[in-house]
Amino acid sequence: MISFARGAPAPECLAVELLADCAKGAIERDGTSVLSYGTGLGYAPLREWLGERYSIDPGQILLTNGSLQGFVYLAQQFFWSGVGGRVLVEAPSYDRPLLILRNHGVEVSTVAMDDEGLDPEALERELKRGPKPAFLYTIPTFQNPSGRTLSVERRKRIVELAHEYDLLVLEDDPYGFVRYEGTAPPTMFEIEGSIAGQIAHTSSFSKTISPGLRVGYLILPKPLLKPLELIASSTTISPSNLPAATVYEFARRGHFEPNLERMNNLLRTRRDAMLTALERHFGDSASWSRPEGGYFNWLNLPEGIDAGELLTRATEAGVSYCKGTDFYPDGRGAGSLRLAYSFPSPEEIERGIAILAELARDMKS
Ligand SMILES: Cc1ncc(COP(=O)(O)O)c(C=O)c1O
């Protein structure tokens, strides 16, 4: 099976030996303390390292077992015990948070996006329409699933709107450092630049070191710190210490940046293979995004082809992907699909796209 479905790094991206050595080093250095329960906020040396990296007080940082857990905590904070409410999301958006919100019985309102990302005018219209949402969930850089990046002007406008309308924004940024070219825009958290603000920021080491470590983090505005720390400590007592200590040891030994560059080089080759294959096999018959980083391409299929039907045929032919409807809460996206190029080899990417294009042509004829 050639999988374009998995938003996971290819096995060769993972620094197995270095990480084994860092895990051993972390236990040897910290001994019994890393093997005991920790604090609700998580392993302090890693929070301090992150504090320096983001130029913030480590007291603002809550470590999580993967960044999706941070999303769950925020959803619990607002929608505990079935208390209803509304959340704004860009459309399309990452499918797992959509499912989590649905499971909490939350009304999900979509905000339009285009090639420059979430549209601030559409956001303002939605805010005026009311009722007041609990928060806006957005992935501004190399978005999952579309691969799009929010422009700097729009980031600034969204931060302004957040202040005008007292809107909490959860900026989910796991792909910000997975950049192959171009200049990184400032995050909305950086643009806002204050602790008691409207922007909560979440990310993780899943895409920059390894998803199996399950080390994520939330950077929180002050009023949310205590409540989320309480939710976290009553959920996991403390986030896993050993993976966090392993990440810290990895960073302390100076591996983080060189390893990220190595991973990004491997992923860039895959992104290039995907763009070349799409051009070669779909040509003018379809359209797709051209991300400068991240894991995903969004493919709009030739007119009239249903991505669900194509998936059935593709699976039989040994190729998988995620269909567009998975990323909308309201059934849209039937003619689109998400292609993750992070996992298969460049050769598999070429072969897989050739198969998809041939199946799409068969469906047209
Ligand atoms: C936008 C986005 N947020 C969060 C996650 C979850 O990442 P983690 O492994 O840190 O839980 C993913 C994983 O694919 C993602 O694409």
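Colleague: Which pocket does the ligand take up?

Modeller: The ligand takes up the space of the largest pocket. On a 1 Å grid over the protein atoms alone, a pocket is an open set of points with protein on both sides within 12 Å along at least five of seven lines. A molecule sits in a pocket if more than half of its atoms lie within 2 Å of its grid points.

Colleague: Good to know. What kind of model is it, and how are residues numbered?

Modeller: This is a predicted model, where local features need pLDDT of at least 70, side-chain atom pairs count only at pLDDT 80 or more, and totals for chains, interfaces and linings use all residues. Residues are numbered from 1 along each chain as its sequence is written, and side-chain values use heavy atoms, with hydrogens and water left out.

Colleague: Which N or O atom in a side chain is 2.8 Å from a ligand oxygen?

Modeller: That one belongs to Asn 144. The side chain of Lys 207 has an N or O atom 2.9 Å from a ligand oxygen, and a backbone N or O atom of Leu 68 lies 3.1 Å from one. The protein buries 92% of the 400 Å² that the ligand exposes when taken alone, with areas from the Shrake-Rupley method and a 1.4 Å probe.

Colleague: Back to Asn 144, what is its peptide bond to Pro 145 like?

Modeller: The bond from Asn 144 to Pro 145 is cis, with omega near 20°. Pro 145 is in the loop between E6 and helix H6 (152-164). Phe 142 is also found in the loop between E6 and H6, and its phi is positive, near 50°.

Colleague: What joins Gly 130 and Pro 131?

Modeller: A cis peptide bond, with omega about -5°. Pro 131 lies in the loop between helix H5 (120-129) and strand E6 (135-138).

Colleague: And how many helices and strands are there?

Modeller: The chain has 12 helices and 14 strands. These are DSSP runs, numbered from the N terminus: helices are H or I with at least four residues, strands E with at least two.

Technical notes. A polar contact is a pair of N or O atoms within 3.5 Å; within protein, one must be able to donate a hydrogen and the other to accept it, and residues adjacent in sequence count only if both atoms are side-chain atoms. On a 1 Å grid over the protein atoms alone, a cavity is a set of points where a 1.4 Å probe fits but cannot get out, and a pocket is an open set with protein on both sides within 12 Å along at least five of seven lines; lining residues have an atom within 4 Å of a point.
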